[in-house]
Amino acid sequence: MDSSTVALSVILVIVLISSIVGMYAGSRYKMDLEQWTVAGRGFGLVFVWLLMAGEVYTTFAFLGASGWAYSRGAPTLYIMAYLTLAYVFSFYFLPQIWEIGKKFSMQTQSDFFRQRYGSKNLAAFASLVGVVFIIPYLQLQLTGLGIIVEVSGFGGISRATAILIAFALVAAFVFVSGVRAVAWISVIKDFLMLFAAFFIGIGLPYMYFGGIGEMFTALINAKPAHLILPGSTKTMGQSWYVSTVLLTSFGFYMWPHLFSAAFTAKNNNTLRRNAVIMPLYTITMPLIFLVGFTAIMVVPGLSNGDLALLTIVRQSYPAWFMGIIGAAGALTAMVPAAILILAAATLFAKNFYREMFAPNMTDEQVEKLARVMVIVITLIALYFAIYSSTTLVNLLLLGYAGVTQFLPGVLFGLYWGRVTKKGVFTGLVVGIAVVAYLVLTKQDPFFGINAGFVALCINFAATVIVSLSTQAEPNRFDEEPAVAVKK
Amino acid sequence: MHKPTMGAVLVGLVPFLAMCISVPLWDRIYPFVFGLPFNIFWIVLWILLTPICMFIAYRIERKKIDATESAGKGGVQHG
């Protein structure tokens with residue numbers, strides 16, 4: 001058998017087994033909206049950990065992080081810092097969100113806005129913003145998957161075919177088992193990721209340089225500035241590092257799919273304990289960076305840094321091993337994609353369509369519509385991924401900075417009684433407008449500071465000023481939940 | 001809704017100080033520690049120390065929550 005057949009068979013077997021596990025995961029449960037979106041709020045510590053880790057370690061962690069280490073150097077350190085700090089930050093508001101979510105049977109981020117501010121327009125707007133920013137993120141997963149399968153399959157299968165097969169599988173298991181599928185597939189994915197990260201992260205520096213210290217010494221001799229900020233970039237200095245770490249660690253759980261993952265927990269203590277142990281999972285990231293740093297000297301001159309990890313693994317290990325790395329990579333695209341699709345479909349069906357056009361829809365009808373939307377959203381992202389444009393990365397940066405603008409509405413919603421819906425609405429619109437302007441006119445970083453962070457500060461200021469100059473509103477989290485909500 | 005205690009918030013600030021704001025103090029290559037340039041070593045070290053900080057924050061929160069819960073039970077009978 002040639003290399004391509006071996007590697008592709010390994011990938012296919014692992015991906016198929018995972019998909020079957022995913023479909024089977026939900027088969028013991030009657031799938032209503034609550035079960036499909038938040039697993040009936042029944043996940044304990046292990047499953048919440050798996051789900052959240054599954055959502056976090058996307059193709060960006062796999063290809064992008066090593067790619068940044070390869071082409072930019074020290075700025076890549078921000079990834080380890082922000083992931084760790086995002087969990088720290090979550091300790092102080094996710095358990096509270098869970099408590100409110102339990103009280104009012106919430107399933108999505110927009111449900112939170114709807115209840116707190118009592119405005120269907122604000123909730124519908126928030127859901128639309130969420131869906132719009134999820135699509136480029138999803139598209140990135142698809143494109144990443146295409147690259148991974150193409151390279152690790154030694155070119156035996158085209159990018160478009162790989163994307164099509166993988167996403168038919170993703171749509172199928174999300175359609176059938178909802179969020180339970182994602183948590184179970186994460187088990188396989190995390191195991192493969194850990195194995196891959198330890199094996200190649202430590203193995204490659206030893207293979208080519210005889211040790212990690214030796215590899216770094218060689219790297220410093222070849223590129224003295226690569227390992228301290230701003231590395232091999234011109235704009236990513238220390239102020240960029242601080243503002244970016246703050247922005248991304250604050251904004252992390254503002255992604256609608258990560259926000260609603262909090263609702264799957266059995267109780268809020270699970271989320272507190274999760275925040276204590278989650279940072280340890282970040283330890284796989286430095287291992288991935290070691291691969292990127294080693295690749296600088298072993299496979300120099302790649303035009304696309306994202307290919308560094310796959311290229312060095314392909315030339316250093318046998319085909320079956322490439323297959324395992326390829327499968328791990330494919331799952332790091334499929335798992336987050338699944339949860340992104342799930343979140344976007346629910347947001348659209350429940351918080352946009354029902355809110356704006358069909359207030360009489362029952363939860364059952366919402367769930368049916370959401371399942372149809374799974375297929376529609378997958379097709380939209382597929383279209384973008386296959387006829388992909390070069391502005392993809394821009395869209396993603398815009399997405400991260402964009403969803404972070406939800407932060408004032410969420411934090412003030414929990415902790416500041418004086419905030420009003422007009423304040424939050426204004427802050428959100430202003431924040432997104434500033435982000436869009438700065439990013440699209442290529443002024444990011446803005447005077448050395450992350451544009452999203454600039455926008456977030458303006459957003460906070462606008463929210464406070466407008467809230468204080470409008471009439472005080474009751475905190476609708478203090479109300480008793482309406483029992484009749486479930487139609 | 002239980003609001004975070006001040007003590008727990010202060011402990012949570014420690015990783016933010018160590019990994020983020022203090023970057024000018026540790027963004028350097030030498031000395032190497034365990035074969036890692038100093039800045040990379042520092043970040044990895046704090047990945048390991050952060051769960052300890054959060055465990056302390058967790059204990060502080062738990063103490064407060066348990067105290068409020070038992071106080072609540074004394075006052076109001078739970079059905």
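Visitor: Which residues does F60(A) touch, not counting residues up to four places away in sequence?

Guide: This is a predicted model, where local features need pLDDT of at least 70, side-chain atom pairs count only at pLDDT 80 or more, and totals for chains, interfaces and linings use all residues. Residues are numbered from 1 along each chain as its sequence is written, chains are lettered from A and ligands numbered from 1 in the order in which they are written, and side-chain values use heavy atoms, with hydrogens and water left out. Contact means heavy atoms within 4.5 Å. With residues up to four places away left out, F60(A) touches A65(A), W68(A) and I79(A).

Visitor: Is F60(A) buried, exposed or partly exposed?

Guide: F60(A) sits in helix α4 (residues 59–71) of chain A. Helices (H or I, at least four residues) and strands (E, at least two) are DSSP runs, numbered from the N terminus. Buried means under 20% relative accessible area, exposed over 50%, and partly exposed in between (1.4 Å probe, protein chains only). At 25% relative accessibility, F60(A) counts as partly exposed.

Visitor: How many Å apart in space are F60(A) and G329(A), C-alpha to C-alpha?

Guide: In sequence, F60(A) and G329(A) are 269 residues apart. In space, their C-alpha atoms are separated by 10.0 Å.

Visitor: Which residues does S260(A) touch, not counting residues up to four places away in sequence?

Guide: S260(A) lies in helix α13 (residues 256–261) of chain A. At 14% relative accessibility, S260(A) counts as buried. Leaving out residues up to four places away in sequence, its contacts are V38(A), Q107(A) and T108(A).

Visitor: How many salt bridges are there over all chains?

Guide: A salt bridge is a side-chain nitrogen of Lys or Arg within 4 Å of a carboxyl oxygen of Asp or Glu. Over all chains of the structure, the search finds seven.

Visitor: How many residues apart in sequence are the parts that K350(A) and D111(A) tie together?

Guide: These two side chains form a salt bridge, 2.6 Å from N to O. K350(A) lies in helix α17 (residues 319–356) and D111(A) in helix α7 (residues 109–117), so the pair ties together parts of chain A whose separation in sequence is 239 residues.

Visitor: Are K350(A) and D111(A) buried or exposed?

Guide: K350(A) has a relative accessible area of 9%. D111(A) has 8%. Both K350(A) and D111(A) are buried.

Visitor: About how many helical turns separate R371(A) and E367(A)?

Guide: R371(A) forms a salt bridge with E367(A), with the closest N and O atoms 3.0 Å apart. An α-helix has 3.6 residues a turn, so residues three or four places apart point the same way. R371(A) and E367(A) are four residues apart in helix α18 (residues 363–386) of chain A, so their separation is about one helical turn.

Visitor: What area is buried between chain B and chain A?

Guide: The contact takes 39 residues from chain B and 41 residues from chain A. Buried area is the accessible area (1.4 Å probe) that two parts lose on being put together, summed over both. Carbon and sulfur atoms give 78% of it, and the total is about 3400 Å².

Visitor: Which residues form the salt bridge across the interface of chain B and chain A?

Guide: The rule finds one salt bridge across this interface. It is 3.9 Å from N to O, and its partners are E61(B) and R272(A).

Visitor: Which helix gives the most to the side of chain B that touches chain A?

Guide: α1 (6–21), α2 (23–26) and α3 (38–75) of chain B each supply at least two residues of that side. With 15 residues, the one that gives the most is α3(B).

Visitor: What percentage of the residues of chain B count as buried?

Guide: The secondary structure of chain B comes to three helices and zero strands. Of its 79 residues, the buried share is 43%.
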